[in-house]
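Thanks for coming. I have one structure to go through today, and I will keep it brief. Please look at the screen.

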Amino acid sequence: MTPAVPLHDVSIAIADASLNSAAKVLSVAGALDYTGPIPFRNASNLSTLLPCAFAHCPNCTLDASIVFLGAPVITFSHATGASARVSNALVSFTVNSTQIATANANGSTVLNFSRSEDRQGYVKITATVVELYIDIQSTCEGGTVSSALKEEINRLIDALCTDQVIPFINNNFPGIPIPTVAGFTLSNMTTVVMDQYLQVGVDLGAAPLWVAPDKAPTRRETIRESNRATIGGNIRESNRATTRENIRENIRESDRATIGATNRETTTTTPS
């Protein structure tokens, strides 16, 4: 029976085959590989199980690297959901840059989908480890690997994947881009896992009116504005100088007129 799919303005089908192609590209590029410390663990945890590690550097941090020799295989199923299976990942443990053990890891994760809060028009993928199988290849002690050491290394890899690798991939993989429509916003996203594809539905809303950003002036405009300001300043200064000189000239002319009038008055009133 075909499952009911919520009705939306736009519906998009994303095939698992397309995600597998993307996973191959990421795997070949080394984008899924991880190197870093194993949280809350150090060489003292292996003091009795792997004495060579402890002897090499007591209480030093345990570091690990995971290299994906094959790309994860992603499967969409309406009955079982979405999952990704990893085969033949090479795990290397080091203490103070010295290799102390290697192992092959196989596992599977459950995939969940949601609207990305960071990127408009993206479906965010998050993965959770559900199965993990470890095969120890070598240790610095050599010889037979004890069951206790196997259990401890299994716990180390589980902690590494759960606390470091999966969050690393979740945070760095942007998600699945979906087409956007110019002039509209996307909202009310829903996802439904179908057989071999993921059904994504979104509603369209009117986007806010676009406002052109302030345009930075060109070099020519900057020079022109500077010239206008300079010329304007020169004209104002010239006008002020002319005005001051006119005032002085008027005062001098007034003074000359006053002095002349006074002299004439004095000449007229002086007795013979």
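How many bridges join E9 to strand E10? Nine bridges do, and the two strands run antiparallel, with E10 covering residues 197-206. Before going further, please note that this is a predicted model.

Within that pairing, Leu-186 stands opposite Leu-204 in E10.

Now the sheet as a whole. Three strands make up an open sheet, ordered E1-E10-E9, with antiparallel pairing. At the edges are strand E1, residues 10-15, and strand E9, residues 184-194, each of which pairs on one side only. On average, neighbouring strands in this sheet are turned by 25° against each other, ignoring direction. Packed on the sheet is helix H1, residues 16-29, which touches E1 and E10. The direction of H1 makes about 55° with that of E1.

Ala-182 lies in the loop between strand E8, residues 176-177, and E9. Is Ala-182 buried or exposed? Ala-182 counts as exposed because its relative accessibility is 76%, and the cut-off for exposed is over 50%. Along the chain, Ala-182 and Ala-206 are 24 residues apart, and their C-alpha atoms are separated by 9.6 Å.

Last item, the surface. Val-67, Leu-69 and Leu-90 make a nonpolar surface patch of about 230 Å². Of these residues, Val-67 sits in strand E3, residues 61-68. Val-67 has a relative accessible area of 31%, so it is classed as partly exposed. That value also matters for the patch, because patches are made of residues with over 30% relative accessible area.

That is what I have.

Notes
Residues numbered from 1 in each chain as written. Predicted model: local features only at pLDDT ≥ 70, side-chain atom pairs only at ≥ 80, totals over all residues. Heavy atoms only, no water. Pairing = 2+ DSSP bridges. Helix = DSSP H or I, 4+ residues; strand = E, 2+ residues; numbered from the N terminus. Axes fitted to C-alpha atoms, helices over the stretch in contact; angles between N-to-C directions. Contact = heavy atoms within 4.5 Å. Patch = residues over 30% accessible without salt bridge, like charges linked within 9 Å, V, L, I, M, F, W, Y side chains within 5 Å. Areas by Shrake-Rupley, 256 points an atom, 1.4 Å probe, with all protein chains shown as cover. Salt bridge = Lys/Arg side-chain N within 4 Å of Asp/Glu carboxyl O. Buried < 20%, exposed > 50% of the residue type's maximum accessible area, 1.4 Å probe, protein only.
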